[in-house]
Amino acid sequence: MNEHINKQRLFDYFAGKSTALEKKQIDEWSREPAQQEQFYRWLDEWEQAHRQYTTNLPVAFSRYHDFLYADQAVSTNPSPAEEPPFRSIRPLSRRTWLVWAVAASVTVLVGLFAFRDQLLTRTYETAYGETRLVNLPDGSAVTLNSNSSLQIPRFGFGEPWFGTLWFGTPTRQVVLTGEALFSVTHTTTNQPFVVKTANGPEVVVLGTEFTVFARPRGTKVVLNRGKVEVHYQQPDHQPRQVTMKPGDLMTLTPKGELTHQQMQKPPANPPWTEHRFVFDKTPLTEIVAILAENYGLTAEIADTETGQLTISGAYSAKTADELLRIIAEVLNIDIDLKSGKLILTQKPLQ
Amino acid sequence: MRQTGITRIELAIDPILFQNMDAALPDELAAPDDELFIRRAFEQDGRLGCELLFRRYYDTLCSHAVRFVSSKAIAEDLVAEIFCQFYAEKVFQTITVSYRAYLYKTVRHRAYNYLRQTIRRDTGLEEAQYQGVSSAQQPDAIAQYEELYQDVERAIQTLPIQRRRIYLLHHFDGKKYAEIADELGLSPRTVEVQIRRASHHLRDLLRDKWFIGLLWVITGDIS
């Protein structure tokens with residue numbers, strides 16, 4: 001054993017202050033298994049004295065605590081005799097190996113659902129004015145509209161064993177805030193895919209294509225292909241369920257009023273995936289809401305009469321500016337910027 | 001436990017005296033079980049043991065991890081995953097080394113893996129987080145990890161000041177382009193360009209030495 005190896009030497013070494021010779025000595029010394037414990041003991045001491053930054057231990061600990069005690073809520077536990085499969089965390093890839101796509105188009109507008117943050121989930125977010133495609137490990141694809149977020153389990157997405165241990169249910173489960181188009185693959189084990197939203201309905205599907213809109217002002221689901229069940233709660237807290245067919249549009253207001261209608265011709269893809277907007281007698285008030293949700297733009301309408309103006313047709317707009325210009329032209333509106341706010345007023349008739 | 005208490009007091013009084021003490025310690029006394037309390041906790045309840053372990057080592061492990069991965073968020077995710085796996089796979093039942101040794105080793109392996117994937121661009125930055133510990137192609141000597149994180153730090157130091165600042169605001173603090181642009185009075189596009197240049201520079205510096213080939217030798221500073 002090298003007598004010259006002591007704590008101060010190691011501290012210098014950790015800090016990068018050793019000479020090449022000293023480094024070599026320490027390298028030789030640390031290869032002896034008997035010394036490795038000492039190495040790590042000193043490393044830990046050194047780190048304690050030279051923290052790179054201050055972590056938020058209470059928050060991290062609380063999350064870990066939740067994780068440790070989460071499976072107390074799970075009804076079925078794997079028997080102790082079961083050998084847990086080796087945990088291979090697959091990177092998100094486009095390879096679909098369980099799959100054939102059964103697509104259905106549903107556009108669902110769903111209310112915001114505050115999902116409890118755990119160490120076990122992963123969130124994809126879009127900024128204002130951004131759309132993004134997310135590929136899930138089971139081959140499903142989700143296109144997120146602006147200002148939206150999708151939360152998925154980190155481990156074992158679609159793997160039955162992980163579902164049982166950590167969620168108590170099969171884990172093709174995601175949480176959406178905002179708006180997204182889903183293209184869900186059908187697994188050979190008929191594992192359902194569940195979209196949860198903030199304080200509103202859950203959409204349960206086997207394999208389908210649908211759009212979910214989940215914003216504070218309400219929830220909408222439109223089904224393109226396939227079959228979905230929408231689980232929701234009425235204000236009386238009774239759980240209810242509605243089965244949708246292609247072409248169905250379901251709307252749920254924040255108050256809990258549900259409307260279920262047949263659309264004439266559901267769009268192949270929601271227009272926003274191509275930076276288009278399709279309006280059908282849409283009042284300016286709703287357009288202002290869309291501007292806020294997708295672009296973070298706050299605009300005020302000068303009077304209620306102006307707010308009732310409606311616009312119809314399909315328009316292409318990549319940015320908020322473009323959309324505003326279109327509206328100004330079509331509806332004959334003045335857009336003023338006053339103390340940081342946009343004010344929309346109807347131009348006087350000439 | 002007792003031994004650790006004594007050395008801490010020594011340190012407060014006279015560092016020189018402490019150094020001598022260390023050199024003189026016979027092997028048996030040099031390895032007190034300062035994790036005895038945690039070990040007892042594991043005998044009672046795995047969760048309790050894990051909680052104690054977390055409280056004891058989370059901070060230092062994150063600090064260690066961030067030296068490699070340069071991002072607070074990634075370091076914290078990495079460490080948290082390790083603790084989760086530690087419980088889920090009941091590692092504490094079969095562990096033969098100290099908890100500290102196991103945890104530090106695992107952090108270093110995963111950090112190395114993460115760097116390997118981002119620098120070699122095997123996978124995207126986000127996907128790299130999902131790769132577990134693979135035993136293939138890891139540095140086999142403990143001391144090489146020190147070399148690695150010191151090379152990472154030196155590489156960052158070679159960046160021009162403004163670029164370094166922007167790079168660290170983005171990677172270390174996790175700020176978005178727009179935030180950095182606001183803070184420094186630049187355009188987001190400039191920020192993006194600077195970060196991209198910094199990343200390429202760092203990749204070039206580190207890739208050849210660390211992430212190609214299977215032989216690692218301690219050679220000293222990269223220049």
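How many helices and how many strands does chain B have? The model to be examined is a predicted one, and in it chain B has eleven helices and zero strands. Read from the N terminus, the elements of chain B accordingly run α-α-α-α-α-α-α-α-α-α-α. Chain B comprises 223 residues, and 36% of them are buried. Of the contacts in chain B with a separation of 6 or more, 65% are between residues 24 or more positions apart.

The packing of helices across the two chains comes next. Two packed helices are described by the angle between their axes and the distance between the axes. Helix α4 of chain A, residues 57–70, meets helix α5 of chain B, residues 72–88; their axes come within 11 Å and cross at roughly 30°. An angle under 35 degrees counts as roughly parallel, and α4(A) and α5(B) are therefore roughly parallel to each other. Their crossing is right-handed. On the side of α4(A), the contact is made by Ala60(A), Tyr64(A), Phe67(A) and Leu68(A), while α5(B) contributes Glu76(B), Ala80(B), Phe83(B), Cys84(B) and Tyr87(B). By class, the residues of this contact are eight nonpolar, no polar and one charged.

The contact of α3(A) with α7(B) divides into four nonpolar, one polar and four charged residues.

Attention now turns to a sheet in chain A. Strands of a sheet pair through backbone hydrogen bonds, either parallel or antiparallel. The sheet is open, has three strands in the order β17-β20-β19 of chain A, and shows mixed pairing. Because β17 and β19 of chain A each have a single partner strand, they stand at the edges, and one side of each is left without a neighbour in the sheet. Neighbouring strands of this sheet are turned by 30° against each other on average, direction ignored.

Strand β17(A), residues 299–301, runs parallel to β20(A), residues 341–346, and three bridges join them. Within this pairing, Ala299(A) has Leu342(A) as its bridge partner in β20(A), and Glu300(A) stands opposite Ile343(A). Strand β19(A), residues 333–338, is instead antiparallel to β20(A), with six bridges between them; Asp334(A) stands opposite Thr345(A).

Most residues other than glycine have a negative phi, and most peptide bonds are trans. Asn147(A), although not a glycine, has a positive phi of about 55°. Asn147(A) lies in the loop between β5 (141–144) and β6 (149–153) of chain A and is buried, because 20 other C-beta atoms lie within 10 Å. Lys90(B) also has a positive phi, near 50°, and is placed in the loop between α5 and α6 (91–94) of chain B. With 15 C-beta neighbours inside 10 Å, Lys90(B) counts as partly exposed.

Terms used
Residues numbered from 1 in each chain as written. Chains lettered and ligands numbered in written order. Predicted model: local features only at pLDDT ≥ 70, side-chain atom pairs only at ≥ 80, totals over all residues. Axes fitted to C-alpha atoms, helices over the stretch in contact; angles between N-to-C directions. Helix = DSSP H or I, 4+ residues; strand = E, 2+ residues; numbered from the N terminus. Parallel < 35°, antiparallel > 145°, perpendicular 65-115°, else oblique. Left-handed = near helix turned anticlockwise from the far one by under 90°. Contact = placed C-beta atoms within 7 Å. Nonpolar A, V, L, I, M, F, W, Y, C, P; charged D, E, K, R; others polar. Buried ≥ 20, exposed ≤ 12 C-beta atoms within 10 Å, placed from the backbone. Pairing = 2+ DSSP bridges.
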